[in-house]
Amino acid sequence: MLEVKNLGIHYFTLNGVVRAVEGVSFSIDKKEWVTFVGESGSGKSTVAHAILNVVPSPGRIVSGEIIFEGKNLLTLEKEALKEIRGREISMVFQDPMTSLDPLRKVGDQIAEVLMEHGVGNDEAYERARELLEKVNLPADRINSYPHQLSGGQRQRISIAMAMAFNPKLLIADEPTTALDVIVQDSIMDLIDELKAEGTSIFFVTHDISLAIERSDKIAVMYAGKLVEFGNVESILENPLHPYTKALLESVPDLWSESKEIKSIPGYPPDLRNPPGGCRFHPRCPFADERCRKMEPAYIEYEKGHFVACHLRGGVGSE
Ligand code: ATP
Ligand code: SF4
Ligand code: MG
């Protein structure tokens with residue numbers, strides 16, 4: 001349903017070019033939940049924004065294709081993309097205020113999303129009430145202003161807006177990070193329900209345990225590169241990339257004998273001047289000469305399980 005090929009995104013800042021995303025390729029099938037994980041600054045949000053061609057300035061997509069149901073979203077006319085945005089693909093962000101206007105009633109805002117795509121006034125308000133119910137908010141909230149709602153309720157409103165047209169794809173960038181654990185769970189349940197109705201999910205989190213619980217596939221990003229991609233089970237049973245292994249070891253209960261949280265020594269690189277060869281080499285316990293010189297190829301190591309690491313073979317490039 002969604003196929004991303006060789007995506008490259010740079011931020012052209014006054015202090016240099018930030019190579020935020022390079023050579024990223026993956027696909028998402030119908031009704032599939034794919035979660036992107038990785039440390040802060042690894043490029044997860046940048047990829048999320050690229051899907052709808054809304055990378056914020058000074059960012060620019062410098063290479064690649066984003067094929068959604070046969071159409072390349074990056075070369076689509078503005079009008080055609082606008083039709084897809086909100087109707088077929090919608091987005092939910094960490095801060096619900098990104099998509100809400102603080103000065104207007106939430107009911108008006110939900111109805112407006114529907115009217116923008118041609119739904120009549122009465123039907124739009126009727127549907128807004130239904131959507132509120134669907135996200136477990138009382139219908140009288142239709143007259144509330146965003147500031148009269150809690151953080152969790154505001155996030156429900158932005159999910160209601162995102163659900164307005166039963167989208168084929170929901171892009172959710174850390175939608176629960178600002179919420180407490182119980183509210184977090186209820187938001188995750190809502191997204192699960194959306195998936196059960198046929199929507200595919202592109203989810204971003206820095207919390208790998210959250211990724212493991214709900215998703216079908218995991219995409220691991222490191223310093224702008226997709227280093228591993230595959231089914232949750234294959235990644236848990238056989239993590240192929242040293243960085244993925246380190247991330248899994250940083251989850252307390254998973255590798256159960258030890259309750260101690262292991263952190264990964266070192267820091268992610270400055271993407272204005274990323275290390276040559278494998279970008280993980282300065283932190284990798286297995287790094288050798290080849291890793292410092294040659295970039296590992298991204299290969300399908302076993303069916304549906306992709307990795308970029310010299311330990312797993314494939315021909316690299318200088
Ligand atoms: P986080 O977990 O903190 O949300 P992330 O994985 O979503 O991180 P991105 O926000 O996509 O990472 O950032 C990727 C890289 O691009 C980082 O090096 C970041 O500094 C850089 N970047 C992001 N936005 C901008 C911007 N507006 N201008 C310049 N550089 C940017
Ligand atoms: Fe480590 Fe080399 Fe694999 Fe990179 S390519 S993850 S440095 S072993
Ligand atoms: Mg982010």
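These legends describe close-up views of a predicted model.

Local features are given at pLDDT of at least 70 and side-chain atom pairs only at pLDDT 80 or more, whereas totals for chains, interfaces and linings use all residues. Residues are numbered from 1 along each chain as its sequence is written, chains are lettered from A and ligands numbered from 1 in the order in which they are written, and side-chain values use heavy atoms, without hydrogens and water.

**View 1. The shell around ligand 1.** The shell holds 16 residues, and the closest are Ser40, Gly41, Lys44, Ser45 and Thr46. A residue is near the ligand if one of its heavy atoms lies within 4 Å of it. Strand S1 (2-13), strand S2 (16-28) and helix H1 (44-51) each supply at least two residues. H1 gives the most, with three. Helices (H or I, at least four residues) and strands (E, at least two) are DSSP runs, numbered from the N terminus.

**View 2. Polar contacts to ligand 1.** A polar contact is a pair of N or O atoms within 3.5 Å; within protein, one must be able to donate a hydrogen and the other to accept it, and residues adjacent in sequence count only if both atoms are side-chain atoms. A backbone N or O atom of Gly43 lies 3.0 Å from a ligand 1 oxygen. A polar side-chain atom of Lys44 lies 2.8 Å from an oxygen atom of ligand 1. The side chain of Ser45 places an N or O atom 2.8 Å from a ligand 1 oxygen. Taken alone, ligand 1 exposes 630 Å², and the protein buries 67% of that. Accessible areas come from the Shrake-Rupley method with a 1.4 Å probe; for residues, only the protein chains shown count as cover.

**View 3. Helix H1 and its cover.** Seven of the eight residues of H1 are buried. They are Lys44, Thr46, Val47, Ala48, His49, Ala50 and Ile51. Buried means under 20% relative accessible area, exposed over 50%, partly exposed in between (1.4 Å probe, protein chains only). Just after H1, Asn53 takes a positive phi of about 55 degrees.

**View 4. Glu228 in strand S10.** Glu228 lies in S10 (residues 225-231). Glu228 is buried yet has no salt bridge; Arg312, the nearest side chain of opposite charge, is 7.2 Å away. Lys and Arg count as positive and Asp and Glu as negative; His and the chain ends are not counted. A salt bridge is a side-chain nitrogen of Lys or Arg within 4 Å of a carboxyl oxygen of Asp or Glu. The Glu228 side chain reaches the backbone nitrogen of Leu240 at 2.9 Å. It also makes a polar contact with the side chain of Thr244 (2.8 Å).

**View 5. Salt bridge between Lys225 and Glu295.** The two side chains meet at 2.4 Å, N to O. The pair links distant parts of the chain, 70 residues apart: Lys225 in strand S10, and Glu295 in the loop between helix H10 (289-293) and strand S11 (299-302). Lys225 is buried at 15% relative accessible area, whereas Glu295 is partly exposed at 28%.

View 6. Lys293 pairs with Glu289, the closest N and O atoms being 3.3 Å apart. The two residues are separated by about one helical turn because they are four residues apart in H10. Glu289 is partly exposed, at 44% relative accessibility.
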